[in-house]
Amino acid sequence: MPVIKNKLFRKILMYFLSLLIPIIIIGLISYLNEEQIVKKDVSQKLGTNLKSSSRTVDIYLEMAQSTNNNLFLSDIIEQYLKPYPQLTDQEKVNLPMIIKAIVQNRNTISSFIDKIFLYIDTKRVYSTEGLFSFETFFEQFYHLDDYDQEFWKKKLETSSLFELLPPTRVGPSNGPHTQEVIPSVSTQYVNGKLATLVTSLSVPAIASSLNNNSLYSSTTYLILNSGGQVILNSGNWDGDTVRQIDAQFPENKDFLFTKLNGSEVLIAHSPSGSFGWNYYSITPVSSFGSESSGILNVVFWICVSLVIIGILFSFVFSVNLYNPIKNIKEILIREEKEIEVHNELRSSDELKMIRSRIHQLVEQNRNAALTLNQYSSELHDQFFINLIKGQAWVQQEIPTRILNKLGFEGSYYSCCCFMFDYKGRFYHELLETDRLLIQEKMKNLLWGLMQRHVNCYVLELDPNLYVCIMNLKREEDRLLLDLALENMKSTFEYDMIYCELTIGLGKIYSKVGDIAKSYSDAITAIVHGKGHSEVTIADAANFTIEQTHFYSFLDESKIANGFKSGNIETLRTEVEGLVQSNMNRGVSYAYLGTLLAELLNTGIRYIHERQLNLHLLLTEDEYAILAGRNMSPNEFDERIERLLDFYGRIIAETTVKGEPKAGTVITLITSYIENNYRNNIYLENIADEIGLSPKYVSRLFKETTGTSITDYISLVRMAKAKELLAQTDLKISEVSEQIGILSRTTFLRIFKKHEGITPVDYRNAICRKQDEAK
């Protein structure tokens, strides 16, 4: 074939054939090391299996400990468990409730429990089968070989939280002792007396649990406690063999190949972190030796098959890849004006020529894309923010052209506002990373739900406040709008355990310039409709909205008298009462902003009357915020607090000066963070603690300290983390929990962001410095 003689084709074919080299190498390595591979694979599987099985047993032991503690703390035990001679006839009637409580606790881990019994004196013993005399229970009903009555009597003399006794055989005194159990004992004070609770764990049940999870039927198990005593010996190994097994793991190895009684075995080891037990599984090598030949045959034929298939596919792919390259080259060289291309052709480097030409095309496409995308989403957001606030558009692009690009070509316009009010569960039950992800994706979710029914544009005006500007083609589209809102309501109704959603719908207008009125209607509807249900749709058409505010000369006189009296609480009452009065009259939110601006001017006039310097009491930035006519519901409480803060400065300047409020607030914030950094703290509960709005607290802290509250929390936590890393041996996950970060991944990311290294590297560096100092 002519194509084979082409240099580029031969190069492509060689590239594909080179991919077969790893297959050949892997095949040879597997062929030469198959026995070691099988042993390593089986060792890892048996080690993992033993760790899983031992963890299961540990969990049941921990549940037994928890069962003992829970039973002691139960209301029934606290109320009715007393020494038998001290019980009244009425109290003896309630003794079956103690037995019932014991039965209920046994059901928690019934598969591992042989018996649960409880006694507070040497007269009576309470068990799952009933109430027995002390002597009858231990002599006839439940006789333990290694623990007589005197042993159990002494247990009432000293309290102990939880103790695992060596295993013993148990049974009735006149019958065979076929059951082996491990007694777990807890002795605690109940009603001023020491009471002993015993939960005996079945050794056969533990052995059955291990055997059921075993990979090989020939595997036997050995369990030793911290003192070297045998807990379980399913292989019936003699004492010398047991000591030999235990002695071969001085360094906590995971597995070991050795010989026991003349046979080669694989011993896996798993220590218990909770109770000091050591678990061993002993598996004969002959049990898995037959797997080697089978794996070898499989690997050999797989490699042969892959090589043959690889050669065939390499040739096919090379032909299919070269033909398009050849066609691309022929198309590109048709452009006679591309001098560089002809020069590259002379060098016979086809790929270099194609790469150069494609690079030129990409540059042309990128320049075109930059031109087409000059109206970015930020520009669109700013355009609509100007529209809803009634501000003039000063950019070069004509507003109608922007609207046409977005498909806003209808005759009717309306605004819809979505206000989310997140509940405490949202901050307590969800991790910070999950909360940020939800809030980040909320805008796109709302936009997608609304866009299905009406043409619209959604922007995030403030945190948790989203504005949807809608373009209705005709009046009948109002039905589609209602359908969209109902769909929105049904979508979020299952999430209301975490938040409340209030949807404010503005009136429909026929001019683009009236979008600001529709936005004001929607915000006012939210204020009137908020709190009626967890998902509320408030239509401005159902409310009487006043397009003016009410602020009389008498109201202004009351504010002035408040300045003269020097009582900030009086001023707060007057301002809040005036605002509430306007809200009750149905004054739109836009004019509530105008009202606050008028209240600001009253304070400024009072300053001028007292011949004070305004710039000493109010910065230009604060004036710009307080004098603005437009605001969102999220800004309303903050605006009032800013206004009252300004009033407080006036009073402080005209009466007695005190400590700056900002310093007091910052002290409260930093004290709260330093005392609660171990908990899941966030801006909202800090604001609740000091009695101010979250936005005001966030702004004040940022302006005063130069950093955000979130960053300050991280700084405090990282400082505490470095102390723990340097002064303790806690694990990284434990350090993370100690400083209030439940996610180990999040802790690693934040620590490296602040310190530039990982926690492990930081701890190692500290250790090196300490060693050098010595």
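A residue counts as partly exposed when its relative accessible area falls between the buried limit of under 20% and the exposed limit of over 50%. E755, at 30% relative accessibility, is therefore partly exposed. This assignment, like those below, comes from a predicted model.

The chain contains 33 helices and 18 strands. Of its 774 residues, 43% are buried. The chain exposes about 41100 Å², and carbon and sulfur atoms supply 52% of that area. Among contacts between residues at least 6 apart in sequence, 64% join residues at least 24 apart.

Side chains of opposite charge can pair when their charged atoms come close. A search of the whole structure finds 18 salt bridges. One of them pairs D462 with K695, with the closest N and O atoms 3.5 Å apart. D462 belongs to strand β15 (residues 455–462) and K695 to helix α29 (residues 694–705), so this pair links parts of the chain 233 residues apart. D462 is buried at 11% relative accessibility. K695 is partly exposed at 27%.

A salt bridge also joins E641 and R572, at 3.3 Å between the closest N and O atoms. E641 lies in helix α26 (residues 633–654) and R572 in helix α22 (residues 568–584), 69 residues apart. E641 is buried, with a relative accessible area of 13%. R572 is partly exposed at 21%.

E755 meets K722 in a salt bridge of 3.3 Å, N to O. K722 sits in helix α30 (residues 709–727) and E755 in helix α32 (residues 744–755), so the pair ties together parts 33 residues apart in sequence. K722 is partly exposed, with a relative accessible area of 24%. Elsewhere, salt bridges link R478, D482 and D539 in a network.

Definitions and conventions
Residues are numbered from 1 along each chain as its sequence is written. This is a predicted model: local features need pLDDT of at least 70, side-chain atom pairs count only at pLDDT 80 or more; totals for chains, interfaces and linings use all residues. Side-chain values use heavy atoms; hydrogens and water are left out. Helices (H or I, at least four residues) and strands (E, at least two) are DSSP runs, numbered from the N terminus. Buried means under 20% relative accessible area, exposed over 50%, partly exposed in between (1.4 Å probe, protein chains only). Contact means heavy atoms within 4.5 Å. Accessible areas come from the Shrake-Rupley method with a 1.4 Å probe; for residues, only the protein chains shown count as cover. A salt bridge is a side-chain nitrogen of Lys or Arg within 4 Å of a carboxyl oxygen of Asp or Glu.
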